[in-house]
Amino acid sequence: MSFFGFGQSADIDIVLNDAETRKKAEHKTEDGRKDKYFLFFDGETVSGKVNVTLKNPGKRLEHNGIKIEFIGQIELYYDRGNHHEFVSLVKDLARPGELTQSQTFDFEFTHVEKPYESYTGQNVKLRYFLRATISRRLNDISKELDIVVHTLSTYPELNSSIKMEVGIEDCLHIEFEYNKSKYHLKDVIVGKIYFLLVRIKIKHMEIDIIKRETTGTGPNVYHENDTIAKYEIMDGAPVRGESIPIRLFLAGYEMTPTMRDINKKFSVRYYLNLVLIDEEERRYFKQQEITLWRKGDIVRKSMSHQAAIASQRFEGSSTADRFQDQSKEDSS
Amino acid sequence: MSEPAVADTRRLNSKPQDLMDAYGPPSNFLEIDVYDPQTVGVGRNRYTTYEVRMRTNLPIFKLKDSCVRRRYSDFEWLKNELERDSKIVVPPLPGKALKRQLPFRGDEGIFEESFIEERRVGLEQFINRIAGHPLAQNERCLHMFLQEESIDRNYIPGKVRQKDNTDCWSRPMYIYFYFMSY
């Protein structure tokens with residue numbers, strides 16, 4: 001007869017095969033802490049071992065099967081009961097039976113599709129994890145191992161600048177320009193604000209980066225706005241014809257890539273908000289969406305020749321070389 | 001391979017500023033003074049008027065230098081008109097001081113010098129905040145208050161249309177700016 005233990009009779013543990021070599025990435029948890037997790041990319045194989053350790057070596061462990069799952073799911077905080085799984089893979093490790101001693105099982109999920117980036121937000125969480133389970137009659141024994149997935153992109157083919165003339169009739173006309181519409185997470189926003197007409201008394205001007213997390217659909221759409229950065233670009237009153245430069249380094253801020261309608265459940269979008277404040281604390285603002293993307297750290301050998309050239313062109317390395325040559329000539 | 005290239009952070013090109021624009025008088029001059037309180041009338045029909053003098057170079061105002069006399073109830077009228085017709089959040093006026101109008105006070109009540117000075121400062125702050133607001137500048141009531149000899153309470157409320165036919169904006173200009181309240 002089986003023994004109805006009230007404690008766990010076995011420990012279960014998941015260890016990845018490349019735990020020594022695989023990079024870890026920091027990721028925010030729901031309660032605001034930052035922890036490190038193994039970093040995976042789309043298409044990578046997830047393989048490792050499940051160690052089942054019997055607590056009482058003499059006692060047999062009867063079970064209804066041992067399995068390991070790889071799960072990618074979206075959790076909406078207001079609807080915790082429903083997890084929306086978009087990736088669900090399972091490998092059976094042992095058929096129903098009994099374990100007489102501690103045992104290790106190998107597993108491999110080959111070339112797993114991980115279409116979305118891991119995200120922990122204000123109202124929604126997208127996570128990937130391995131879950132090893134020993135099924136039993138009364139209660140299962142299970143263990144989860146969370147991983148973090150990053151989605152990488154390469155330099156977009158089309159990346160037009162944002163240039164617009166806005167204002168209030170006869171009071172304030174400005175032309176603003178941002179050098180790109182798509183920025184990677186360690187990019188620099190280079191731009192300018194040109195004053196065409198100034199008939200109000202401006203005190204200062206700033207650029208805010210706003211993150212908007214949208215959850216829900218139809219009439220239940222909910223937007224959560226969060227001002228990630230406030231960056232003053234001008235102090236004092238400008239006059240007509242003045243041009244104020246913008247140079248905003250994104251690497252200093254905690255941001256994610258732009259996520260649009262992920263699995264039809266949520267979106268995370270970013271906006272630049274240009275704010276002018278006059279002497280009576282009145283605020284004039286213009287919001288503009290930008291697309292953020294994640295650049296891979298290493299230029300991989302598998303990257304095509306064209307993509308390598310494209311990245312050099314946008315980084316300005318060729319022009320930098322030209323300037324270097326010029327100064328060499330001047331000094332000689 | 002090679003170390004990561006540095007991002008190009010050079011400034012975007014822009015037109016050099018015209019020296020006349022840089023050193024000329026700014027086009028946002030607007031100053032309103034509320035001063036010279038005078039008590040008018042006798043006995044229980046007395047009231048105080050203030051001189052309201054506006055100097056400006058904003059083209060929306062017909063007169064660049066105007067001078068009128070106004071009393072507290074005129075300011076109240078302006079506040080009510082703006083609250084009804086414009087979308088702005090109108091700043092507060094200095095208090096009505098009803099207690100000061102009761103009899104058997106030890107002092108001069110609403111004609112007490114210190115009270116009049118306090119009220120004068122509050123009215124000056126109020127009118128400067130209002131007149132500098134681009135949405136308030138569109139209202140006929142504001143122009144009438146500041147630049148016409150007397151306030152016609154039977155006037156037809158409306159907006160001031162600044163249609164300057166010599167304006168050369170050929171490109172369409174989209175007015176996206178929004179106001180938040182004070």
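Accessible areas here come from the Shrake-Rupley method with a 1.4 Å probe, and for residues only the protein chains shown count as cover. On that basis chain A has an accessible surface of about 17700 Å², 46% of which belongs to carbon and sulfur atoms. The model is predicted, so local features need pLDDT of at least 70 and side-chain atom pairs count only at pLDDT 80 or more, while totals for chains, interfaces and linings use all residues. Residues are numbered from 1 along each chain as its sequence is written.

Chain A contains 2 helices and 22 strands (DSSP runs, H or I of at least four residues for helices and E of at least two for strands, numbered from the N terminus). Of its 332 residues, 48% are buried, meaning under 20% relative accessible area with a 1.4 Å probe, protein chains only. Contacts (heavy atoms within 4.5 Å) between residues of chain A at least 6 apart in sequence join residues at least 24 apart in 67% of cases.

Chain B has 4 helices and 4 strands, in the order α-β-β-β-α-α-α-β from the N terminus. Buried residues make up 33% of its 182 residues. Chain B exposes about 12000 Å², with 51% supplied by carbon and sulfur atoms.

Within chain B, the axes of helix H2 (residues 72–85) and helix H4 (residues 140–147) come within 9 Å and cross at roughly 165° (axes are lines fitted to C-alpha atoms over the stretch in contact, with angles from 0 to 180 degrees between N-to-C directions). That makes H2(B) roughly antiparallel to H4(B), the term for angles over 145 degrees. Residues of H2(B), including B:Trp77 and B:Leu78, meet residues of H4(B), among them B:Met144 and B:Phe145.

Note on methods: Chains are lettered from A and ligands numbered from 1 in the order in which they are written. Side-chain values use heavy atoms; hydrogens and water are left out. Angles under 35 degrees count as roughly parallel, over 145 as roughly antiparallel, 65 to 115 as roughly perpendicular and the rest as oblique. Buried means under 20% relative accessible area, exposed over 50%, partly exposed in between (1.4 Å probe, protein chains only).
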